[in-house]
Amino acid sequence: MMLSSDSAYMARAVKLAENGLYTTDPNPHVGCVLVKDDRIIAEGWTQRAGFAHAEIDALAKAVDARGATAYVTLEPCSHHGKTGPCSDALIAAGIRRAVVAMQDPNPLVAGRGLQKLRDAGIEVVTGVLQQEAEKLNQGFFKRMAQGLPWIRSKLAMSLDGRTAMASGESQWITSEYARQDVQRWRAQSSAIVTGIDTVLYDDPQLNARVDFDLVQPVKVVLDSQLRMPLSAKMLQTAVEVWIITCSDDAAKQQKLRDAGCKVFRVDAREGRADLPQTFKLLAELQINTVWVEAGATLNGALLDAGLVDEWLLYMAPCILGDQARGLFHLPGLQHMQDKKLLHLVESRQIGPDLRLRYQAKTD
């Protein structure tokens, strides 16, 4: 295959990295292209955790990589984890040049891989399509830099901003098209977080129902008083369920552990599990991206705390009326000057519905 420039080969590497969107957690999604005599001789991408990184995957497919240029979307690792250092493998293979989109923010790497390559006499070029590479791994990079996962909350609403009838009935506001779209977003998340009220009202399975290979997201329930029913549907699958609580009730904790849950205790804040502490804990547990599916109480608390990086609002062409439930419970908002501002970054029609993607307004 003939391509014409560093940017073009790196664009191919970025595309390859996307093959791991649903499978590489907690590792970043990385792509690698090996080029020799202006021809691609091998390609690779990071496999499931514990298996080959992108560079190793590509080298295994190359007959002879001596003198080649390696295009990699993230700095080759320099440390021994479940696999050996990729920088060492590239040096041993005899590559002449390495074009790397960006340095790895992981403190275990953080420039050491690039320096190893330079010390071995390999020409190193960085910063090619860096923005594109950053988008691949927002969660991993945020976890490394801030000790928090990338947090994305999904809401489904009517034209008049309602999420459920006054009774709590909410299935279904949006169309099948929107619900299929949600499944793909779920699938590329490390964890799906909900509140105990959503479990009690809807009894969701909270898994990603897709027709391709994936690592199922961990199911996380914020359950301050340990009200989780042992009959809940989400406990009937092999996917891990984590309970985050501020309760000290050892007997209840043990019953949940006996049912297969992992129980983590955090401090209480205003009678609920402390949210900043909760998400820091998830980052420590190697959760890169969080997908929140919850009701007005938890979403209101998340908005008030400024913890959410991205809001996905699916708006359906229907009206539920002023007695129906709203998007956010925010009792502290009393004046116009207190309003919460969001920035629209994307709008897309999904079947008859509209998907609006917002981020927190920073100016």
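**Strand pairing in the sheet**

Mentor: Strands β1 and β3 pair in the antiparallel sense, over 4 bridges. Please bear in mind that this is a predicted model.

Trainee: Which residue of β3 stands opposite Val35?

Mentor: Thr69 in β3 stands opposite Val35.

Trainee: And how many bridges join β1 to β2?

Mentor: There are 6 bridges between β1 and β2, and these strands run antiparallel. Leu34 has Ala42 in β2 as its bridge partner. The two strands form a hairpin with 2 residues between them, and Asp37 in the turn has a positive phi of about 55°.

Trainee: In what sense do β3 and β4 pair?

Mentor: Strand β3 (residues 69-72) and strand β4 (residues 97-100) pair in the parallel sense over 4 bridges. Ala70 stands opposite Ala98 in β4, and Tyr71 stands opposite Val99.

Trainee: Are the side chains of Thr69, Ala70, Tyr71 and Val72 buried or exposed?

Mentor: All are buried. Thr69 and Tyr71 point one way from β3, whereas Ala70 and Val72 point the other way. In a regular strand, side chains alternate between the two faces of the sheet.

Trainee: What is the strand order of the whole sheet?

Mentor: The 5 strands form an open sheet in the order β2-β1-β3-β4-β5, with mixed pairing. β2 (39-45) and β5 (123-126) stand at the edges with a single partner strand each, so one side of each has no neighbour in the sheet. On average, neighbouring strands are turned by 15° against each other, direction ignored.

Trainee: Changing topic, where does helix α1 lie?

Mentor: Helix α1 (residues 6-17) lies across β1 (31-36), β2, β3 and β4, and runs at about 140° to β1.

Definitions and conventions
Residues are numbered from 1 along each chain as its sequence is written. This is a predicted model: local features need pLDDT of at least 70, side-chain atom pairs count only at pLDDT 80 or more; totals for chains, interfaces and linings use all residues. Side-chain values use heavy atoms; hydrogens and water are left out. Two strands pair if DSSP finds at least two bridges between them. Axes are lines fitted to C-alpha atoms, for helices over the stretch in contact, and angles run from 0 to 180 degrees between N-to-C directions. Contact means heavy atoms within 4.5 Å. Buried means under 20% relative accessible area, exposed over 50%, partly exposed in between (1.4 Å probe, protein chains only).
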